[in-house]
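Good morning, colleagues. Please bring the sequence and the structure up on your screens, and I shall take you through them.

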Amino acid sequence: MENSIRISLYSAPCPYCGNPANSQPVVRIQYADTVDANPRIENFEGSGDVCTNCGIYFVNPRYISDAFKYLYGSLSIQSATAVKRFASLPVRYLLQNWNHPRFVRRTLARALGTCFESILMPPLPPDGFAGKHVLDVGCGDGTHLRSYKRMGYNVFGTEVLPEYARQLDAPADAVPHAIADFTDVDWDRIRPPGGFDLIIFQSVFYRLPDPAKALRAAWQLLAPGGTLLRIEPYCPSPDALRFMMTFNFPQGFTFVHDLTRYRETVRRFLPDATISSRVFHGRSHKHATGNELTLLTALGDIVRRLGCQAASSEPWFIRLEIRKPDGPGSAE
Ligand SMILES: [Zn+2]
């Protein structure tokens, strides 16, 4: 009812190039109009700006990191965990019986990957994962990492919300983790000798206030031949941006807009990277700390909440794989 929390906001140019001359607003939205708006936070207006140089949209103003916990204030971590447990039961069964013949494993991995990668579950590699090291940035309650653990990975997670510590520390199935921004972790003590083979940002990277710094930091942690995997919203048009802002404003900071330009942007920071991408149409999820839904209910939810707006605003997701070259000469 009463708006008691005032979050600290600041305006800033494109977080990749920092050049205001490349940017202009294309979408405006009120925080109170967003789906997950915490009613205790004072309303404010923001814009989605395009940077034609870097191929991204970014929101303006942005909030300081301390406000993060309030933005998620109305969501229930408990219920999110319950929903995930229910939805991931069949997947758990398949993973527990992972000694299937290679053909079956590959087929399952492909099918599960297609079904779950932008909704609930982590992407499953087809083969050759045992003993490798995976880092999940923004690991939440550790659901993804536990799946990887069962598949033979060595796992580590970082999470900024301390509410998850109890679940990550669960005596029966603890997940090694740090409650911190991943760029603030003391990696010299934690990082495996060769680096991580897989670093996941599932619905996380686009919420990082300094994506350029995060790219560089993740690259440093990656083993030669390793992959930095991002799954996040993709906004090819202002309509798609409006859609995502309606869901995520101000939680999302940057959205890939022009893939060709964005690849060039990543290469400016990581000249040796090999980048591949895959775009998913017509799907959505609410991958916050709560309300994670099946595809069907998510779509129903969208139609119900947005009504006719949904007709012109198709939700898209992108899977970006940024790979580090093999070989000793390429290690940083
Ligand atoms: Zn830019």
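I shall begin with the basis of the model and the chain as a whole, and then turn to individual elements.

This is a predicted model, in which local features need pLDDT of at least 70, side-chain atom pairs count only at pLDDT 80 or more, and totals for chains, interfaces and linings use all residues. Residues are numbered from 1 along each chain as its sequence is written.

The secondary structure comprises eleven helices and 13 strands; helices (H or I, at least four residues) and strands (E, at least two) are DSSP runs, numbered from the N terminus. Of the chain's 332 residues, 39% count as buried. A residue is buried if 20 or more other C-beta atoms lie within 10 Å of its own, exposed if 12 or fewer, and partly exposed in between, with C-beta atoms placed from the backbone. Two residues are in contact if their C-beta atoms, placed likewise from the backbone, lie within 7 Å. Among contacts between residues at least 6 apart in sequence, 71% join residues at least 24 apart.

Leaving aside residues up to four places away in sequence, Ala 218 touches Ile 199 and Leu 228.

Let us now consider strand β6.

Which strands pair with β6 in the parallel sense? Pairing requires that DSSP find at least two bridges between two strands. Strand β7 (residues 154-159) pairs with β6 over five bridges, and Leu 135 stands opposite Phe 156 there. Strand β9 (residues 196-202) pairs with β6 over three bridges, where Val 134 has Leu 198 as its bridge partner.

Finally, two helices. In α9 (residues 238-248), nine of the eleven residues are buried, among them Arg 242, Phe 243 and Asn 248. In α10 (residues 259-269), Tyr 262, Thr 265 and Val 266 are buried. These three lie on the same side of α10 because they cover an arc of only 95 degrees around the axis, taken from the directions from the helix axis to the C-beta atoms.
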